[in-house]
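Student: I would like a close look at one part of this model. Please walk me through its pockets, one step at a time.

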Amino acid sequence: MLEKDKVKAFYDGFGRKQDSQAFYEDPVVEEMVRHADFGTAESVVEFGCGTGRFAERLLTDHLWPGARYWGCDISETMVSLARERVLPFGFRAEVVRTDGGTSLPLPDGGADRFVSNFVLDILPDREIDQVVEEARRVLKQGGLIGLVSLTQAIGPLSSLVMGVWNALYSFRPSLVGGCRPIDLGSRFGGPGWEILHQRKMASFGIPSEVVVARKRDG
Ligand SMILES: C[S@@+](CC[C@H](N)C(=O)[O-])C[C@H]1O[C@@H](n2cnc3c(N)ncnc32)[C@H](O)[C@@H]1O
């Protein structure tokens with residue numbers, strides 16, 4: 001597992017190259033978007049916004065003109081790229097650099113959506129749970145969480161791909177951006193969430209999981 005300072009150093013160096021991952025990320029992110037009803041959201045929080053590509057897409061194509069976006073990232077490079085990207089949206093969008101911790105400087109119950117694409121698969125297991133708890137804190141009752149991450153192989157091609165991926169990760173996690181396959185769905189079995197959509201899908205042999213869940217009362 002990559003420590004936080006190494007994650008930051010990697011993504012500071014990777015910068016714009018992150019957008020070259022769109023070929024396998026976009027179909028899965030699109031699947032999350034189809035089930036997360038962004039059109040009715042007034043405020044969206046994104047954990048690990050990268051270059052701001054998803055923020056720009058949300059603000060341009062999916063959110064209504066009064067809706068606001070707040071994103072954070074551990075990487076200075078990513079934060080400055082994302083700020084550049086959301087500049088045309090003025091006060092509607094804010095991007096903040098964090099120290100990589102899972103506590104966000106946001107009030108309780110203020111957000112309609114909490115999203116994180118290909119970030120939780122970089123975090124230690126206990127921090128994945130902490131992000132999910134933090135999402136529950138910042139979401140309004142009935143708010144939705146939409147997550148996408150790398151997951152375990154789901155067919156012969158992805159078994160092959162993930163064999164190579166896992167070998168690279170064991171040798172040097174930075175060779176695969178610090179990402180390893182995880183299981184998202186199992187984190188939403190408790191009474192605090194209702195899963196609305198869960199799907200594992202492979203794109204170019206790279207397997208990903210999408211979960212969209214609603215915050216329940218209580
Ligand atoms: C694989 S990239 C994905 C970026 C973006 N979500 C996307 O889909 O293009 C992972 C991103 O998560 C950020 N990141 C990693 N660990 C983080 C943490 N603990 N807190 C905030 N951001 C983090 C990285 O800096 C990087 O921008």
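Student: Which residues lie nearest the centre of the second largest pocket, and how many residues line it?

Tutor: Keep in mind that this is a predicted model. The second largest pocket is lined by 15 residues. Nearest its centre lie Ser43, Val45, Arg68, Trp70 and Leu106. The volume of this pocket is about 220 Å³. Three strands each supply at least two residues of its lining: S1, S2 and S3 (93-97). Sorted by class, that lining has ten nonpolar, two polar and three charged residues.

Now take the largest pocket. About 690 Å³ of space lies in it. Its lining is made of 43 residues, and the closest to its centre are Tyr11, Gln18, Asn117, Phe118 and Val119. The elements that give two or more residues to this lining are H1, helix H2 (22-35), S1, helix H3 (53-62) and strand S2 (68-73). H1 gives the most, with five residues. S1 and S2 are named here, and both also supply residues to the lining of the second largest pocket. By class, the largest pocket is lined by 23 nonpolar, eleven polar and nine charged residues.

Helix H1 (4-14) and strand S1 (43-47) are the elements that give two or more residues to the shell around the ligand. There are 18 residues around the ligand, and Gly48, Asp73, Gly100, Asn117 and Phe118 come nearest. Two of these names, Asn117 and Phe118, also stand among the residues closest to the centre of the largest pocket. The shell divides into nine nonpolar, six polar and three charged residues.

Next, the polar atoms. A backbone N or O atom of glycine 48 lies 2.8 Å from a nitrogen atom of the ligand. For isoleucine 74, a backbone N or O atom is 3.2 Å from a ligand nitrogen. Glutamate 25 uses its side chain instead: a polar atom there lies 3.3 Å from an oxygen atom of the ligand. Taken alone, the ligand exposes 590 Å², and the protein buries 96% of that.

One last stop is H3, which gives residues to the lining of the largest pocket. Threonine 60 has its place in this helix. The side chain of threonine 60 reaches the backbone oxygen of glutamate 56 at 2.6 Å. Threonine 60 and phenylalanine 89 are 29 residues apart in sequence, yet 8.9 Å apart in space, C-alpha to C-alpha.

Notes: Residues are numbered from 1 along each chain as its sequence is written. This is a predicted model: local features need pLDDT of at least 70, side-chain atom pairs count only at pLDDT 80 or more; totals for chains, interfaces and linings use all residues. Side-chain values use heavy atoms; hydrogens and water are left out. A residue is near a molecule or strand if one of its heavy atoms lies within 4 Å of it. A polar contact is a pair of N or O atoms within 3.5 Å; within protein, one must be able to donate a hydrogen and the other to accept it, and residues adjacent in sequence count only if both atoms are side-chain atoms. Accessible areas come from the Shrake-Rupley method with a 1.4 Å probe; for residues, only the protein chains shown count as cover. Helices (H or I, at least four residues) and strands (E, at least two) are DSSP runs, numbered from the N terminus. Ala, Val, Leu, Ile, Met, Phe, Trp, Tyr, Cys and Pro count as nonpolar, Asp, Glu, Lys and Arg as charged, and the others, Gly among them, as polar. On a 1 Å grid over the protein atoms alone, a cavity is a set of points where a 1.4 Å probe fits but cannot get out, and a pocket is an open set with protein on both sides within 12 Å along at least five of seven lines; lining residues have an atom within 4 Å of a point. Grid points are joined across faces, edges and corners, and a volume is the space filled by probe spheres set on the points.
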